[in-house]
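Here is a short report on one protein. Look over the sequence and the 3D view, then read on.

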Amino acid sequence: MGMQSRLPKRARAHVTSGPQRARPLRPRTPARPEHVPAPRTGPAPGHPLLRFTRHGLPALIVVAGVVCMCFGTEDSLVGGAGLIGAGAASWLVAWLYRLGVSGDAARAKEERARERFARTGRWPEA
């Protein structure tokens, strides 16, 4: 046992609780002040590389599938159909991701509005 455990309880101010507490609790501050915008991750929505990744790459895959189907053999028809399906699937995955991320932004905006309401008692105008 250490020396501190032998001291009487009243000598250890950090042990007391309730109204006799030695140090007052710090008031809770909001996580982010209202005037600071939410941090943005990734490139801007109109960035050319992002647009190419979302729309151009799936379109190129579909075009490659159509070109492959133009050769006319049975294998090229099957391969072209597979490429068209892959291009459509990659576009849909990107669309579903954007849909999910937009929901996160809406939830974050709602949370900031609730924090402001808790502080001021007024719901922020849209």
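A residue counts as buried under 20% relative accessible area, as exposed over 50%, and as partly exposed in between, using a 1.4 Å probe and protein chains only. By that rule, 8% of the 126 residues in the protein are buried. This is a predicted model, in which local features need pLDDT of at least 70 and side-chain atom pairs pLDDT 80 or more, while totals for chains, interfaces and linings use all residues. Residues are numbered from 1 along each chain as its sequence is written, and side-chain values use heavy atoms, with hydrogens and water left out.

**The two helices**

The protein has two helices and zero strands. Both kinds of element are DSSP runs numbered from the N terminus: helices are H or I with at least four residues, strands E with at least two.

Two packed helices are described by the angle between their axes and the distance between the axes. Helix H1 covers residues 48-69 and helix H2 residues 74-120. They pack at an angle of about 170°, with axes 7 Å apart. H1 is therefore roughly antiparallel to H2. The cut-offs are under 35 degrees for roughly parallel, over 145 for roughly antiparallel, 65 to 115 for roughly perpendicular, and oblique for the rest. Axes are lines fitted to C-alpha atoms, over the stretch in contact for helices, and angles run from 0 to 180 degrees between N-to-C directions.

The contact of H1 with H2 has 14 nonpolar, seven polar and two charged residues. Here Ala, Val, Leu, Ile, Met, Phe, Trp, Tyr, Cys and Pro are nonpolar, Asp, Glu, Lys and Arg charged, and the others, Gly among them, polar.

Contact means heavy atoms within 4.5 Å.

| Residue | Relative accessible area | Residues in contact |
|---|---|---|
| Ser76 | 8% | Cys68, Met69 and Phe71 |
| Gly80 | 0% | Gly65, Cys68 and Met69 |

Ser76 lies in helix H2. What lies 2.8 Å from a polar atom of the side chain of Ser76? The backbone oxygen of Thr73 does. The backbone nitrogen of Gly72 is 3.4 Å from a polar atom of that Ser76 side chain.

Gly80 also has its place in helix H2. Its C-alpha atom is separated by 5.0 Å from that of Cys68, 12 residues apart along the chain.

**Contacts along the chain**

Among contacts in the protein with a separation of 6 or more, 31% join residues 24 or more positions apart.

How values were computed
Polar contact = N/O pair within 3.5 Å; in protein donor to acceptor, adjacent residues only side chain to side chain.
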